[in-house]
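User: I'm new to this structure and would like to learn how to read it. Could you walk me through a few features?

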Amino acid sequence: MPHPPARRPTLEAVAAQAGVSRATVSRVVNGSPQVDPALARKVKAAVAQLGYVPNLSARSLMTRRTDVVALVAAEGDDRVFGDPFFSGIVRGVGHELLVAGRQLMLFMSQGSAELDSVEAFLRGGHCDGVLLISEHGRHGTAAALTSAGIPVVIGGRPLDPTLRIPYVDHDNVAGAFLAARHLTDTAGRTRVATIAGPQDMSAGVDRLLGFSRALGTDYDPALVEHGDFTGISGASAMEQLLSRAPDLDGVFVASDLMALAAIAVLRRHGRRVPDDVAVVGFDDIALAADSTPSLTTIRQRTVEQGRRMAQTLVGLIDARAAQPPDQPVHRAAPDSHDGLLAGEGIVLPVELVVRETA
């Protein structure tokens, strides 16, 4: 005869084991600081001994928190799982949320209909806050969630300058400037093109801006092609550049995946890298160091970016929880250590990593 399932330990059982009231156990389990430390230790010991697991639904009703954070990538699953940028963000976010005792929900939504569905779900109170990455200019996800009262932190500077939402980004302008100057001043290239990123994303806009600033009067719009940060788009853009400017001798490519694909195209056309054409990428993914020749690139730290995003969002959530329901939330400026405060954002530094392609 099968044994009946073991009964789940209750709040009352924990209170009896610890010799305290049910209300004290509830306060400890829900993270209230207003409990004597000695009593809190007794309760935690009883929780461990009995294997008590809080009822999350009841806890959410009491604390007005779910302890869940949503990470929304405004891209399809092929991009999210195929681009090392996203894995770095997820690693950094996941680490910080683990430390903070939060759970992570991941959404991948590319089209407007998919994003609308995700927004509706998130507005239903299923999370305490949202981390948003890879939002394109045509999307209004960040603004919609913020207007619904949901704390939001963006990975990357918002393209709309009127959108006052905290963000964590890298210094894309400075990185592109370094890359272009390395091609002209160090590698001695005189006909320098670029494969820029999408212009409905701030990373694409800023990297093209940094490149054009570095070239100054030598900047030629005819030597600009655009990709979407994927290898396929990088290969297509390189073909277009070669058809228009077969004499180009340097290329700054706004992502490493596009750069590696561009190098393959140059090889097929009989161009030696770096002898005939020098190439600089952006990201410093693992493949950049392992490719042949190894890729000179701009290093950004996506794991650190993910960590900072999560830290900032948890701070917003905690500040909101500490305020009475009818009081506005006063948000402290994010920690600027190793980063530069820019409005409501943190801009992390980048660096040039010189390898064999330039």
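**Reading a helix, a pocket and a core**

Analyst: Let's start with helix H9, where Asn172, Val173, Gly175, Ala176, Ala179, Ala180, His182 and Leu183 are buried. Buried means under 20% relative accessible area, with exposed over 50% and partly exposed in between (1.4 Å probe, protein chains only). Helices (H or I, at least four residues) and strands (E, at least two) are DSSP runs, numbered from the N terminus. A caution on the source: this is a predicted model, where local features need pLDDT of at least 70, side-chain atom pairs count only at pLDDT 80 or more, and totals for chains, interfaces and linings use all residues. Residues are numbered from 1 along each chain as its sequence is written, and side-chain values use heavy atoms, with hydrogens and water left out.

User: How should I read spacing along a helix, and what span does H9 reach from its first C-alpha to its last?

Analyst: An α-helix has 3.6 residues a turn, so residues three or four places apart point the same way. H9 runs over residues 172–186, and its 15 residues reach 20 Å, close to the 21 Å expected at 1.5 Å a residue (the expected span is 1.5 Å times one less than the number of residues). After H9 comes Gly188, with a positive phi near 70°.

User: Now pockets. Which residues lie nearest the centre of the largest pocket?

Analyst: Rolling a probe the size of a water molecule over the atoms shows where empty space is left. A pocket, on a 1 Å grid over the protein atoms alone, is an open set of points where a 1.4 Å probe fits, with protein on both sides within 12 Å along at least five of seven lines; lining residues have an atom within 4 Å of a point. Here 33 residues line the largest pocket, and Ser134, Glu135, Gly155, Met201 and Ser202 lie nearest its centre. Helix H10 gives the most to that lining, with 3 residues.

User: And the largest nonpolar core: which members touch the most others?

Analyst: A nonpolar core is a set of buried Ala, Val, Leu, Ile, Met, Phe, Trp, Tyr and Cys residues joined through side-chain atoms within 4.5 Å. The largest one has 29 residues, and Ile195, Met238, Leu248, Val251, Val253, Leu266 and Val279 touch the most other members. Two or more residues each come from strand S6 (192–196), helix H11 (231–244), strand S8 (250–253) and helix H12 (256–268). H12 supplies the largest share, 7 residues.

User: What does Leu266 contact, beyond its neighbours within four places in sequence?

Analyst: Contact means heavy atoms within 4.5 Å. By that test, Leu266 meets Met238, Leu242, Arg271, Val273, Val277 and Val279. A second, separate core of 21 residues includes Val80, Val93, Leu131 and Leu316.
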